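Please look over the model shown here.

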Amino acid sequence: MTRIFSGIKPTGHLTLGNYLGAVRRWAEVDQHRADALFCVVDLHALTVEHDPARVRRLSRQAATLLLASGLDPELCTVYLQSHVDEHARLSYLLECVATDGEMRRMIQYKEKSARERERGGSVRLSLLTYPVLMAADILAYGTDEVPVGEDQTQHVELARDLAVRFNQRYGHTFTVPRAARPEVAARVMNLQDPTSKMGKSDDFGPGIVYLLDEPETVRKKVMRAVTDSGRDVAYDPEDRPGVANLLEILAACTDGEPEKLAGAYTSYGALKKDTAEAVVEVLRPLQERHRALCADPAYVDGVLRDGAGRARAMARPRVDAAYRAMGL
Ligand code: ADP
């Protein structure tokens with residue numbers, strides 16, 4: 001059976017981008033067709049300035065939202081990365097296979113380290129080595145497929161390279177994984193700045209729709225989305241990214257196609273209104289399940305404990321084999 005691994009960082013509140021670009025597909029498709037692991041990658045949250053209590057709270061919230069999004073612990077494995085030591089153990093071995101040049105070429109590192117420096121902060125070494133830990137997350141499980149948004153493609157490429165290199169040098173140990181990208185909403189953009197992606201952020205930006213936003217908040221954010229000075233509705237991601245983003249969000253929420261939907265609108269106002277309602281409808285059941293899960297913390301504890309146990313059992317033999325292969 002195909003093995004799937006994917007993760008989500010608890011560095012902020014989960015966004016509509018996370019849901020449409022990743023989590024929804026995990027729930028609707030991936031967990032049914034494969035042996036899938038979905039992990040809240042909390043170690044990755046320590047790569048930037050962080051508040052320990054906030055990371056703990058956001059990790060719990062992310063796990064709860066994954067369950068609320070429809071991940072079923074009977075069908076897949078849901079857990080926290082820090083509960084399974086194999087990730088960190090394997091990460092070190094892979095640091096001995098990767099090169100520093102490879103790390104410095106990573107686009108996300110360049111962007112994030114530049115941002116940290118602009119703020120006058122220092123860059124943690126773990127931000128540079130982050131893709132190695134991500135490779136360990138993937139390779140520890142003999143993963144075949146990694147469903148991720150476009151922003152993660154380069155990191156999955158690195159995991160492939162490291163698997164091939166390790167296998168060549170030390171004997172066949174790892175499956176070489178491939179990235180699987182969603183057909184729609186691979187990159188949901190910020191409503192206020194449609195040239196940058198709708199990522200989790202520390203400030204509650206008006207361009208970001210969070211999964212736990214109230215319907216009124218969602219409506220306000222979508223109605224205020226930046227478009228352009230044109231009038232006709234056309235799908236043109238290059239020249240009209242704001243409108244294209246709304247069409248993609250609407251398409252993803254209604255199982256439509258952005259190009260076809262464009263033809264159905266003659267004004268931006270109507271497009272925004274329908275997009276807002278479509279998002280509200282997608283979030284409604286998820287928010288209801290989230291409320292129910294928050295009322296039953298023992299259930300969530302149990303799911304995460306079982307998940308970590310299953311994940312550990314899957315990862316340990318392969319990571320132990322990697323230790324032996326490298327001479328330890
Ligand atoms: P973030 O960038 O919000 O911190 P993560 O790195 O935790 O997100 O990624 C979780 C998943 O969500 C990944 O598969 C990532 O590709 C996907 N994802 C994140 N932001 C977006 C977006 N704006 N559009 C589509 N997919 C996204």
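Predicted model: local features only at pLDDT ≥ 70, side-chain atom pairs only at ≥ 80, totals over all residues.

Residues are numbered from 1 along each chain as its sequence is written.

**Helix pairs**

Two packed helices are described by the angle between their axes and the distance between the axes. Axes here are lines fitted to C-alpha atoms, for helices over the stretch in contact, and angles run from 0 to 180 degrees between N-to-C directions. Helices (H or I, at least four residues) and strands (E, at least two) are DSSP runs, numbered from the N terminus.

| Helix pair | Angle | Axis separation |
|---|---|---|
| H3 (residues 86-95) and H12 (residues 297-325) | about 25° | 10 Å |
| H2 (residues 52-68) and H11 (residues 268-294) | about 125° | 8 Å |
| H2 and H12 | about 95° | 11 Å |

Start with H3 and H12, which pack at an angle of about 25°. That makes H3 roughly parallel to H12. Angles under 35 degrees count as roughly parallel, over 145 as roughly antiparallel, 65 to 115 as roughly perpendicular and the rest as oblique. The crossing of H3 and H12 is left-handed. A crossing is left-handed if the near helix is turned anticlockwise from the far one by less than a right angle, and right-handed if clockwise. H3 contributes Glu-86, Arg-89, Leu-90 and Leu-93 to the contact, and H12 contributes Arg-312, Ala-315, Arg-316, Val-319, Ala-322 and Tyr-323. Two residues are in contact if their C-beta atoms, placed from the backbone, lie within 7 Å. By class, the contact of H3 with H12 has 6 nonpolar, no polar and 4 charged residues. Ala, Val, Leu, Ile, Met, Phe, Trp, Tyr, Cys and Pro count as nonpolar, Asp, Glu, Lys and Arg as charged, and the others, Gly among them, as polar.

H2 and H11 pack at an angle of about 125°. That makes H2 oblique to H11. Their crossing is right-handed. On H2, the contact residues are Thr-64, Leu-65, Leu-67 and Ala-68; on H11 they are Leu-286, Arg-289, His-290, Leu-293 and Cys-294. The contact of H2 with H11 divides into 6 nonpolar, 2 polar and 1 charged.

H2 also packs with H12, at an angle of about 95°. H2 is therefore roughly perpendicular to H12. Ala-63, Thr-64 and Leu-67 of H2 meet Val-300, Val-303 and Leu-304 of H12. The contact of H2 with H12 has 5 nonpolar, 1 polar and no charged residues.

**Strands**

Strands S1 and S2 (residues 35-40) run parallel and are joined by 6 bridges. Two strands pair if DSSP finds at least two bridges between them. Ile-4 has Ala-36 of S2 as its bridge partner. In S1 (residues 3-8), 5 of the 6 residues are buried, so S1 is largely enclosed by the rest of the structure. S2 is likewise largely enclosed, because 5 of its 6 residues are buried. A residue is buried if 20 or more other C-beta atoms lie within 10 Å of its own, exposed if 12 or fewer, and partly exposed in between, with C-beta atoms placed from the backbone.

Pro-147 lies in strand S4 (residues 145-147). Pro-147 is buried, with 23 other C-beta atoms within 10 Å. Not counting residues up to four places away in sequence, Pro-147 touches Ile-4, Ser-6, Ala-22, Arg-25, Trp-26, Asp-30 and Ala-180. Arg-178 is 31 residues from Pro-147 along the chain, and their C-alpha atoms are separated by 8.6 Å.

**Residues in helices and a loop**

Ala-88 lies in helix H3. Ala-88 is partly exposed, with 14 other C-beta atoms within 10 Å. Ala-88 and Leu-133 are 45 residues apart in sequence and 7.0 Å apart in space, C-alpha to C-alpha.

Leu-250 sits in helix H9 (residues 241-254). Leu-250 counts as buried, with 24 C-beta neighbours inside 10 Å. Leaving aside neighbours within four places in sequence, Leu-250 is in contact with Gly-256, Leu-261, Asp-274, Thr-275 and Ala-278.

Asp-255 is in the loop between H9 and helix H10 (258-262). Asp-255 counts as exposed, with 7 C-beta neighbours inside 10 Å. Most residues other than glycine have a negative phi. Phi of Asp-255 is near 55°, a positive value in a residue other than glycine.
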